[in-house]
Amino acid sequence: MTITPDQYEKLGAFYLGRGYDLEKKELQEDLVMYDSKDLVTHGVVLGMTGSGKTGLCLALLEEAAMDGIPLIAIDPKGDIGNALLTFPNLSPEEFKPWVNADDARRKGISVDDFATQQSELWKKGLGDWGQSADRIKKLRETVDMAIYTPGSNAGLPVSILSSLDCPPAEVMDDAETLGDRIESTVSSMLGLMDIEADPVQSPEHILLSNIIGHCWKKGQNVSLENLVRHIQQPPIRKVGVVDIDTFMPEAKRTALAMKMNNLIASPGFASWLEGEPLNIQRMYYTAEGKPRITIFNIAHLNDSERMFFVSLLLNQLLGWMRTQQGTTSLRAMFYMDEIYGYLPPTAMPPSKKPMMILLKQARAFGLGILVATQNPVDLDYKALANIGTWWIGRLQTERDKARLLDGLEGAVSSSGGKFDRREMEVAISGLGNRVFLMNNVHEDGPAIFHVRWIMSYLSGPLAKDQIKRLMDPIRPAKNVAAAGEDDGFLPPGATSAPTADRNTIKPKLPEGTAEFFLPSDVSADSLCYVPAILRNAIVNFDDTKRKITGRSSVTLVNPIDINNQRVTWDKFVEIPRDVDLSKWSADATEGAEFTDLPGAAMKSSTYTSIKKDYTDWVYANHTLEVSYSPVLEAYSNPGEKVDEFKARIAQTARELRDKAIEELREKTTKTLKSIEDKAIKAQVKVDTQKAQASSAKLSAAVSIGTSILGAFLGRKSGLGAIGSMMKGSTVTSASRVMREGQEAAAAEAELVRFQQDMADLNKTLEDETQKIRDQFDPTTLALETFKLTPTKNKIQPDAIGILWLPHERVGGELKKAWS
């Protein structure tokens, strides 16, 4: 059978393989395609080692990538990193660095020869399934791929600091979700310190939960450094109705604080604080809006570290999910390979609650969850009852099979489907390598299929040095300024030599004047704050015609020339104009130095004048550029980043595509059903007419034979008698045979016509479906720009005052100390 790309390369449909006949042990001609929107109700892959489970999961990952669906994966063993081993030329040179030298040695050939063999094997394997190097090239062009290694610099490092930031408003407004997030976060942190804590009984758990809950409810982010301080000096006076010292004496709090401090200060923990922040939106999309396949490799971590990171990631994912709009189409995927230990049937590890919430609620937001394991017994099948698609491979024991059938029966029953346990058991028992049973609640029944050849090269679990080799070409360069280099703007008058006495008293500003401090890592004894004029206004936009609603923040910061006692309005401190002021601190670092403020900066009238002038400036100078999609007639909102807008319209395109295809299918199905009914009746008519025609021929033959026999054996004799009998009988019988034959031919012609109508309708459906897919292909959506200008009554000055810029005093000079 020859397979061509036009048979499977369809947006919204995943090419998984071909049907498989278990009795004959052979491939069938039908391709197994899986509707991507079905994964909104989640999926689970179950199979023992050697069943082909990893290959199926990578096939699903590749199909998501081809469809432009972003994916975050947790890789506990290192297998999923093979997704990056896609070679666009399929040449031996591309395979050579990744083939196993031991395998070559066992075969008695050189590494070069083994690489050539693998290259030819992959070319043939892909070719047999209708794929080529061109598909690999398209895969690499469609998505960005990266491997992150939390707690290690082998892959791209990821910082956990932001994971303690105040959750989005959608989480804060849901008391149950907020409580679950705090509980999971605290449990995983204490686990990292080797403290097994009961959320209800443990004083350590209760104290940390109250501290974090208190800070988040005040809108404050929590840093590890602040958390240590808060443990020693809690920002709360009571826990429940008991005062803090009675609940946990100072000595015990100090011991807990020291244990956390020792963890933070340990050399190995430093790598947890380096790299990109754990920002889910950025892990799903690049800054330019390109979908990503982000793999978190945790194979190098110990059990407590794994649980810590997985729990944090799941909570961050929940927070991101809550900020998305509802949809019935697949927006993004989260995949966890080998979920063993993270969703057990009885225990309650920190990862279990957020995972259960995701399985119950993520479908409403278009987030598809895919999990896999080779240990079916150690899973909470009540949680898995929320999963719509089960991919089942070869299992190791009868116990595994029995437990799996129990869970699958529950899932099918909960969806209102029919479940034949005996039939399912027989099918599962006959599965072989790379052969899976797919039970999808959105389909009429289960399907047996053989997984297609995957594009990724399976080299085995990736080691640290291999991950490093993959990530080094895309690793961002460290931005380290040379000693003594002037690395930023220095306000005039701020380079004077230090006086003998450092001024650590902050000047008092007029009441109502905005005041912020840029964050800095410089220690207090060398930190010096230099003032600058801060102007910030909020511009509201409400264009009902273009469906643009939102607000834009416009911020300008001008340095103050202290020597000349004036603001240098023609110079600007390099601060993003759309900066979020809530990220800045309202408090200075204790013990830091302050430079002087000009006298005018101490008067409230100064800021009143600046406020009025700034409104005029924003009206005259500020324009907001938004993106526009002509096909969807959609505009980006103020403050919406390009990657966020691209992700939003891509999801809109998928929703419109799925809706249009569904409507087309429903419309066509009715017509097709009518033709099928006619074809069935025509078939019955054909069978009847053929039977009658055959009967007529037989009757004619019998009649003639009987007449001849009668002539020979009866009273009449001679040729004349026989001829006379045959003439009358032949005319009557021939006429009947001819009539029945003509009716049979007419019935058959009618059947052929109906069959052709069905074929034409299917072809039309296929063509129209492809047109819809092409029309709403997210990768081809062109974007234009459109400029918005504000109306004066929609400009609201929000923060007019002083921004203190941190500098490090080195000798007699001040150097910029913010990023």
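**Cores and salt bridges**

Okay, let's start with R253: at a relative accessible area of 4%, R253 is buried (buried is under 20%, exposed over 50%, partly exposed in between, with a 1.4 Å probe and protein chains only). Its side chain meets that of D245 in a salt bridge, 2.9 Å from N to O; by salt bridge I mean a side-chain nitrogen of Lys or Arg within 4 Å of a carboxyl oxygen of Asp or Glu. D245 is partly exposed, at 45%.

Quick caveats: this is a predicted model, where local features need pLDDT of at least 70 and side-chain atom pairs count only at pLDDT 80 or more, while totals for chains, interfaces and linings use all residues. Numbering runs from 1 along each chain as its sequence is written, and side-chain values use heavy atoms, with hydrogens and water left out.

Searching the whole structure turns up 38 salt bridges. Another one pairs E398 with K401, closest N and O atoms 3.2 Å apart. Those two sit three residues apart in helix α17 (residues 398-414), so about one helical turn separates them (helices are DSSP runs of H or I, at least four residues, numbered from the N terminus). E398 is exposed at 54%, but K401 is buried at 9%. There's also a network: E9, E62, E63, R135 and R452 are joined by salt bridges that share partners.

Now the inside. The largest nonpolar core has 162 residues, and Y284, F334, M355, W390 and W391 have the most contacts within it. A core here is a set of buried Ala, Val, Leu, Ile, Met, Phe, Trp, Tyr and Cys residues joined through side-chain atoms within 4.5 Å. Helix α14 (residues 303-322) gives the largest share, eleven residues. Apart from that core lies another of 33 residues, including I533 and I548.
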